[in-house]
There are 2 protein chains.
Amino acid sequence: MSLRHALLALLEAEPMSGYSLAKFFDQSVAYVWHAPHSQIYPELRRMEQAGMITGRSEARGTFATKRIYSLTDDGRAELARWVEELSPLPRERDAAYLKSSYFEYGDYASARKHFEAHRAHHEEQRRRWEAHVKQLENRDTDLLRIRLAQAPEHLRKQVVAYKVHVYHGLIERAKQEVRWALAGLRMVDELEAETVAARPAPAGTPRKAVERTKSAGPPTRVSRRHEPPRR
Amino acid sequence: MSLRHALLALLEAEPMSGYSLAKFFDQSVAYVWHAPHSQIYPELRRMEQAGMITGRSEARGTFATKRIYSLTDDGRAELARWVEELSPLPRERDAAYLKSSYFEYGDYASARKHFEAHRAHHEEQRRRWEAHVKQLENRDTDLLRIRLAQAPEHLRKQVVAYKVHVYHGLIERAKQEVRWALAGLRMVDELEAETVAARPAPAGTPRKAVERTKSAGPPTRVSRRHEPPRR
DNA sequence: GACTGCATGTAACGAGTTACATGATTGG
DNA sequence: CCAATCATGTAACTCGTTACATGCAGTC
């Protein structure tokens, strides 16, 4: 139930409406745990039901109202409990790596396209995280300012340090993914070079022809060969 | 829909029952994408409905039967399509890092406990992946042998290479996570040392006493401080 | 005859995604 | 008055988790 606890942590900084919560969420927690507003509003109602937060309606303009939620003691206790508690680390589930395991069902161009996209994605992520960690280090986000203003002096250092450490971790991860993608691209080059070497084409033959050069063997399109196993 | 395509890929190697599928799954794909059998059986039925696989019932002993699924041409096409297709990389969602961002709500011991568990988990993962990649490199798993026996010669190298690359990536990731956890532990030490320095205890005072040494200020247990925000 | 492995499921729930939907307020 | 932004939702669906449930087959 990470969403719930992320919301508790945000409300610990300051009472807010669901809308502001969603805004702050996008600018902070969402870098680590994404959630759309359609998940936030109902969760807030469930949390209120469970007594972790209370909402009071506040006027907005003449006719409209908004609902401001604040933490209850139970909510604070739940937040503390969650932070203490070791949660089981999730099972591995990585769609990109799964697909990469089966690139032999596609061609070299496809493998390259995927590794290239992987690289681009994680470079972008890295940029975003680096920008954000810089803000954190300068204590330059709205949320952090609020939090620091409230935290007792001896905790301020920790408030920043833990978050910075998390973002450094994310950045290193992103770098690792970029390295992995680049190594993947090099690997594809090598595999292709070997294919070419194994089937030497007459000088000047365009690269494309590689697919169907040898005449030996059955018509071997890449994904053929599917008789039921003889046993 | 990664589960579906993982199953297609397994069936591409050899027709199998749901049960064997689940077994092979656990010994291969599950290192990258975990799924329990309760998810596999219904998915197989849906895939049959969709025409990607066909099942025939086969006798087992005198009374029992089992259902053996094989890929159809549509299934093969779907597998090829999926491998070609760029799927959007998933949004970040990391419960452990999220919680780490808020370690200031717990005490140093709790932060240490978490980083320590993180380290242990990823060291274990690394061991498992290293063992598996060794098997892959030696072409020493049942599934890989089947696959290699069927694959046209020019694809064999790729079949192994892509998988090995994936596991190398996972191993590097695990190492990175271990480094992150260790850095976290060092950080906690530093934070605690600073706390001690800021509240100098009489020489000879045992470390434990740090928590309640100074008499100035309110009774400040490390994880206290949860009055509603005064403003 | 008991235990282990083979074989296949259901049901309830929780979490997350995408799309649709509506209306008030504020500032230019 | 129009657009952006504040504000709050619902509905349908997919995916995944956990627990419960059943029964045959082979072997010691």
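**View 1. Helix H1 of chain B is largely enclosed by the rest of this predicted structure, because twelve of its twelve residues are buried.** Here, buried means under 20% relative accessible area, with a 1.4 Å probe and protein chains only. Among the buried residues you will find B:Ser2, B:Arg4, B:His5 and B:Glu12, along with B:Leu3 and B:Ala13. Helices (H or I, at least four residues) and strands (E, at least two) are DSSP runs, numbered from the N terminus. At 1.5 Å a residue, taken times one less than the number of residues, H1(B) should span 16 Å; its end C-alpha atoms lie 17 Å apart, which agrees.

This is a predicted model, in which local features need pLDDT of at least 70 and side-chain atom pairs count only at pLDDT 80 or more, while totals for chains, interfaces and linings use all residues. Residues are numbered from 1 along each chain as its sequence is written, chains are lettered from A and ligands numbered from 1 in the order in which they are written, and side-chain values use heavy atoms, leaving out hydrogens and water.

**View 2. Meet the open sheet of chain B, with three strands in the order S1-S3-S2 and antiparallel pairing.** Two strands pair if DSSP finds at least two bridges between them. At the edges sit S1 (16-17) and S2 (53-60) of chain B, each pairing on one side only. S2(B) is joined by eight bridges to the antiparallel strand S3 (residues 64-71) of chain B. Look for B:Arg60, which stands opposite B:Ala64 in S3(B). Helix H1 (residues 2-13) of chain B packs on this sheet and touches S1, S2 and S3 of chain B; contact means heavy atoms within 4.5 Å. The direction of H1 makes about 95 degrees with that of S3(B), using lines fitted to C-alpha atoms (for helices over the stretch in contact) and angles from 0 to 180 degrees between N-to-C directions.

**View 3. Chain B superposes on chain A by a rotation of 180 degrees with 0.0 Å of shift along its axis (RMSD 0.1 Å).** The two copies are thus related as by a two-fold rotation axis. Of the residues of chain B, B:Arg173 comes closest to the axis, at 3.5 Å (C-alpha). The copies meet through the same surface, because 98% of the interface residues of chain B are also interface residues in chain A.

Key
Least-squares fit on C-alpha atoms with pLDDT ≥ 70 in both. Buried < 20%, exposed > 50% of the residue type's maximum accessible area, 1.4 Å probe, protein only.
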